[in-house]
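User: I would like to go through the disulfides of this model with you. Please have the structure open.
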Amino acid sequence: MKKRNGFTLVEILVVIGILLTVSVAGIVSFNVISKKSKERVENKAVERLKAATEVYFSEFEYPKIKEDIYNEQMGYVIYNVSDLINKGILKEDDIKDTKIKSNDTIKVSLGNNKNIEISYPGEKESYLVKPSIVYVESSTVTFNSEWYLSKVSIYNENKEKIDINTCNNCITYKSEINSTNEKVVGSYNVTYSFNKKNYVMKVVITPQQDNVSGSYPDYSGKEEEITVATDGVYTFVVSGSQGATGGGLGGEVTADISLKKGDKLKYFIGGIEGKNGGGKGESNGGDSTTIKVNEVLYIAAAGGGGGNGGTHGGNGDSSGGSSNCSTGVRGSNYSGGSSSSVCSYSCNCSTCGGGCASYSTYDCNCDTCGGGCQYYYDIYCEVWGAGPSPGCGVSCSSCCCHRYSNCNGWCPTCAQYYPTYSCNCSTCSSCDSYYSTYDCNCGTCPSPSASGNGGSNYINNSKVTNVNNQSGRNNGTGKIQITLKK
C-alpha cells in the first residue's frame, strides 16, 4: 500500500466548512448577546425613567394628577424627561448611550383598577370630559341623544374644545335608562365610548320636588316668596278679594305659567285692609291678588268695589263710590274702590240775594236837531228837453236841472251841509255789575254711602298662556290654586 503524505481536497473542504460554521455561529451568538445586552440597558434605563416619574408624580405633581385624572378630565398627564432631570430625580448619565432623549415625553394615566400607569414614550391624544354624577328630577328630563351628548365635551391634544357635531359620531353611549324606567327614582350608569376608551357617568333620578303646587287661601297682608324647586308648566287660578261690607265679588284669572328651578315666585293674596291697592273708605275696596315671577308682574286678579252694591272686580275702573256729599277712595294696583262715607247735606233751600251792585248813566229818548245847507255854489244848466240834460251830462235826477228844468245858464247847488245832532235828551241808567243769588233758609238732609267700583284684571300676555279671564267670581278674601301640569 502506498503511504499518503497530506490531506485530500475533500478533507480540506470539510474542515473549512466546519470552521466557517463555527465562526458564523460565534458571530451570531455574539450579536444576539450584544443585542440583548443593549436591550437590558435600554430596559433598565426605562425602568429608572419610570421610577423617577413615580417620584416626580408623588412629590411634585400629585395635585395636578389628582385634578386631571381622578376627576376624569383628560384621563392622563404628560411629562418631559427634562422635567425629571431638572428636578434632580433623573441623572443624564442614567439615559446616556440610550435611545431616551431629554425632550421625550412620559404619560401618566389611571388604570382600570384606579392604579397609576406610566407609559414611555407618552403620546398626547384627544380626550372626553364629563361630569361624574348628574342629578335630575323625575318628569323633568327627556332622555334622548341630544340630552346625553350635551353632558360631554371633547378636547384635542392641545386642550382645545372640539365640536361634537364635526367628529362624525365619534362618541357612542349606552344607558341603563330606557323608556320603561326613565321616570323611576334611582341611580343609573351611562357609558360613553370615545377614542377606544370608556367613560362612565352616573345619573341619579330624584323625586320631583314640587314646592309650588297647592292651595293658597290664607290672607297674610304681605307679599310672600317661594324659590321654585322644579322646572315645569304650572296652572294658576288667581282670585281677587271681594269688597268689604258685602261688596262686589273679586275677579278671577286662570292661566299657565312656565317656571324654572330657582325662579323667585312672589304672590300677594288680596284682603279688605287696603294693603294691596284696595281703596280705603267707609267700606274698603277689595285688594287684587297678584303673581310675580322674578319681580315681573304676570297676573293681577281684580278686587271688587267696597260697600253693599259695589260692582264686581274683573273689568271695572277702580273708582270710588260718589254720593251727594262724599266720594270714596279710588283703588290702585287693579283693586276695587271704596264706598263713600255717610254724610249730611243742605237741602230744600230758598234763593236769596241778587240785584244790581253798581250803575252807570247814559242819554236816551233824544230828538234830532240841526242839518241843512251851509253854503251853495252855481252850476251851468241849459234848457232841458228829452234825454240826458245837456248841461249836466247825466240824467236830470242828479243835476240842478231837476229843480230848474226850464233854466237857461247857471243854477245854484248846495256845497256843504250842517250835520244833525241829538237834542232834548233824557238821562237813563244801566246796571254794570250784579250781586249773585245764594241758598238760604236751608234744611239738612242725610246722604247714604255710595258703593265703589271693582278693578280690572291684569294679564301679562307675553308671559302666560291658556288664559281664562272672568269677572265677579270670588267672595271673601283672595285665593290662589297652583297645579303642576304633567
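User: Which residue forms a disulfide with Cys167?
Analyst: Cys167 forms a disulfide with Cys170, and their sulfur atoms are 2.0 Å apart. A disulfide here is a pair of cysteine sulfur atoms within 2.5 Å. This is a predicted model, in which local features need pLDDT of at least 70, side-chain atom pairs count only at pLDDT 80 or more, and totals for chains, interfaces and linings use all residues. Residues are numbered from 1 along each chain as its sequence is written, and side-chain values use heavy atoms, with hydrogens and water left out.
User: Is that link left-handed or right-handed?
Analyst: The link of Cys167 and Cys170 is left-handed, with -80° about the S-S bond.
User: How many disulfides does the structure hold?
Analyst: It holds nine disulfides.
User: What about Cys364: which residue does a disulfide join it to?
Analyst: Cys364 is joined to Cys428, with an S to S distance of 1.7 Å. This link is right-handed, with 70° about the S-S bond. Cys364 lies in strand 19 and Cys428 in strand 24, so the pair ties together parts that are 64 residues apart in sequence. Strands are DSSP runs (E, at least two residues), numbered from the N terminus.
User: Is Cys364 buried or exposed?
Analyst: Cys364 is buried, at a relative accessible area of 10%, whereas Cys428 is partly exposed at 22%. Buried means under 20% relative accessible area, exposed over 50%, and partly exposed in between (1.4 Å probe, protein chains only).
User: And what is the torsion about the S-S bond of Cys356 and Cys431?
Analyst: The torsion is about 115°, so the disulfide of Cys356 and Cys431 is right-handed.

Technical notes: Helix = DSSP H or I, 4+ residues; strand = E, 2+ residues; numbered from the N terminus.
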